[in-house]
Amino acid sequence: VSRLDLTLAEARLAQLKNRWPYHRTGDEAPPIDYRFPSIRAEAAELYEAAGDTLLAAWVRARSERDEQAVRSVLRHRIDILEAHRSVAADALSGGDLRTAERELFAAARLFPVDTTLWITLGRVRLDLGDHDGAAEAARAALAWNPGSSEAQRLLETAGRP
């Protein structure tokens, strides 16, 4: 799950909550507070509990590009796949390979048949020095498209059979 996914989940929950008919007061007020905690805050707490303070800080950080992508998804201008690709492309152009990797992996998990996602993910992982991860992405691309010469070249470049 990427930060984009968490931000989109919070936005969707806020949309749903705004439609709830629980705005009564006085004797008609519901006995339960219908607020929900921040999904991103919960994710950050889980990462911290697991000892990953860097990922927790990354999840907590605001990102204008994530928020713009979420607004576009909510307004039905782009779909979630295009949002992941857009955020990944922006991250790559800014040199933020870790964010690009997370977005591409999230997109590839949502749409595993899109071999270009796996191949791009593999190239980013190579740039990060993760040859095993690049080989894993190449094998995933080959599983969906056994004849992909691009995926085969990526696997050879990764140096993993």
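## Before we start

Because the model is predicted, local features need pLDDT of at least 70 and side-chain atom pairs count only at pLDDT 80 or more, while totals for chains, interfaces and linings use all residues. Residues are numbered from 1 along each chain as its sequence is written, and side-chain values use heavy atoms, with hydrogens and water left out.

Two terms come up throughout. Helices here are DSSP runs (H or I, at least four residues), as are strands (E, at least two), and they are numbered from the N terminus. A residue is buried under 20% relative accessible area, exposed over 50%, and partly exposed in between (1.4 Å probe, protein chains only).

## Charged partners

Side chains of opposite charge can pair when their charged atoms come close. In a salt bridge, a side-chain nitrogen of Lys or Arg lies within 4 Å of a carboxyl oxygen of Asp or Glu. How many salt bridges does a search of the whole structure find? The search finds 10.

One of them joins Asp-114 and Arg-85, with 2.0 Å from N to O. Asp-114 sits in the loop between α6 (97-110) and α7 (115-127), and Arg-85 belongs to helix α5 (residues 80-93), so this pair ties together parts that are 29 residues apart in sequence. Asp-114 counts as buried at 18% relative accessibility, whereas Arg-85 is partly exposed at 29%.

Arg-98, Glu-101, Arg-125 and Glu-136 are linked in a network of salt bridges. Let us take Arg-98 and Glu-101, whose side chains meet at 3.2 Å, N to O. Both are in helix α6, and being 3 residues apart they are separated by about one helical turn. An α-helix has 3.6 residues a turn, so residues three or four places apart point the same way. Arg-98 is partly exposed, with a relative accessible area of 44%, but Glu-101 is buried at 12%.

Arg-125 is buried at 8% relative accessibility, while Glu-136 is partly exposed at 42%.

## Two sides of helix α2

Which residues of helix α2 (residues 39-49) are buried? They include Arg-40, Ala-43 and Ala-44. Seen down the axis of α2, the buried residues fall within an arc of 100°, so they line one face of the helix; the arc is that of the directions from the helix axis to the C-beta atoms. On the other side of α2, Leu-46 and Ala-49 are exposed.

The ends of this helix have details of their own. Ser-38 caps the N-terminal end of α2, with a side-chain oxygen 3.3 Å from the backbone nitrogen of Arg-40. Just after α2, Gly-51 takes a positive phi of about 90°.

## Nonpolar cores

A nonpolar core is a set of buried Ala, Val, Leu, Ile, Met, Phe, Trp, Tyr and Cys residues joined through side-chain atoms within 4.5 Å. The largest one has 22 residues, of which Leu-104, Leu-117 and Trp-118 touch the most other members. Helices α5, α6, α7, α8 and α9 (149-158) each supply at least two residues of this core, and α8 gives the most, with 7 residues. Apart from this core lies another, of 8 residues, among them Leu-8, Val-70, Ala-83 and Val-87.

## Trp-118 and its aromatic partner

Trp-118 is buried, with a relative accessible area of 7%. Not counting residues up to four places away in sequence, Trp-118 touches residues including Phe-105, Pro-112, Ala-137, Trp-144 and Leu-154, where contact means heavy atoms within 4.5 Å.

Rings of Phe, Tyr and Trp (its six-membered ring) pair if their centres lie within 6.5 Å; planes under 30 degrees apart count as stacked, over 60 as edge-to-face and the rest as tilted. By this rule the count is 1 aromatic pair. Phe-105 and Trp-118 form it edge-to-face, at 6.5 Å centre to centre and with 80° between the planes. Phe-105 lies in helix α6 and Trp-118 in helix α7, 13 residues apart. Phe-105 is partly exposed, with a relative accessible area of 27%.

Note on methods. Polar contact = N/O pair within 3.5 Å; in protein donor to acceptor, adjacent residues only side chain to side chain.
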